[in-house]
Amino acid sequence: MTILILILRIALTVAFLYFGLRKIFGGKEDVKVYDALGFGQWPRPITGSVETICAIGLWVPGFQGIAALGLLATVIVGTTALTLFTRLPRAHMFALIAGCAVLVWFDAADILRFLPPA
């Protein structure tokens with residue numbers, strides 16, 4: 001199981017670094033997507049920064065769960081926005097949701113450490 005989690009962590013890191021940096025630096029496709037959403041370009045660098053920071057956070061012991069949770073939230077919001085406001089393809093985003101959800105589950109202990117004791 002550990003090798004599969006490592007492979008998943010590597011794949012998600014590469015994917016979110018790629019998409020995050022592309023958003024930060026204004027890739028043509030990302031500018032078109034944010035134009036299609038109709039909210040302007042201001043969310044693009046914010047989303048890209050969150051994706052980039054969380055992708056790096058997947059490798060910081062003790063924060064891996066929080067990083068995975070941040071990526072899961074980001075990709076759910078993105079998928080929802082694409083579904084509600086555009087007709088752009090989004091099938092790949094469901095794979096990202098599934099991968100992030102697996103890491104959230106696997107690193108749940110990291111997340112629970114940040115919650116107040118019951």
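The buried residues of helix α3, where buried means under 20% relative accessible area with a 1.4 Å probe and protein chains only, are Pro 43, Arg 44, Gly 48, Glu 51, Thr 52, Cys 54, Ala 55 and Gly 57. They pack against α1 (2–24), α2 and α4 (64–85). Helices here are DSSP runs of H or I, at least four residues, numbered from the N terminus.

Please note that this is a predicted model, in which local features need pLDDT of at least 70 and side-chain atom pairs count only at pLDDT 80 or more, while totals for chains, interfaces and linings use all residues. Residues are numbered from 1 along each chain as its sequence is written, and side-chain values use heavy atoms, with hydrogens and water left out.

Let me turn to the length of α3. The expected span of a helix is 1.5 Å times one less than its number of residues. For the 15 residues of α3 that gives 21 Å, which agrees with its end C-alpha atoms, 21 Å apart.

Next, the helix pairs. Two packed helices are described by the angle between their axes and the distance between the axes. Axes are lines fitted to C-alpha atoms over the stretch in contact, and angles run from 0 to 180 degrees between N-to-C directions.

α1 and α3 pack at about 150°, their axes 7 Å apart. α1 is therefore roughly antiparallel to α3, a term for angles over 145 degrees. The contact, meaning heavy atoms within 4.5 Å, includes Phe 16, Leu 17 and Lys 23 of α1 and Arg 44, Glu 51 and Ala 55 of α3. Its residues divide into eight nonpolar, six polar and three charged. Here Ala, Val, Leu, Ile, Met, Phe, Trp, Tyr, Cys and Pro count as nonpolar, Asp, Glu, Lys and Arg as charged, and the others, Gly among them, as polar.

How do α2 and α3 pack? Helix α2 (residues 28–37) lies at an angle of about 120° to helix α3 (residues 43–57), with axes 10 Å apart. Asp 30, Val 31 and Tyr 34 of α2 meet Pro 43, Arg 44 and Thr 47 of α3. This contact comprises three nonpolar, one polar and two charged residues.

Finally, α2 and α4 pack at about 60°, with axes 9 Å apart, so α2 is oblique to α4 as well. Val 33, Ala 36 and Leu 37 in α2 touch Ala 81, Leu 82 and Phe 85 in α4. The residues of this contact are six nonpolar, no polar and no charged.

Note on methods
Helix = DSSP H or I, 4+ residues; strand = E, 2+ residues; numbered from the N terminus. Buried < 20%, exposed > 50% of the residue type's maximum accessible area, 1.4 Å probe, protein only. Parallel < 35°, antiparallel > 145°, perpendicular 65-115°, else oblique.
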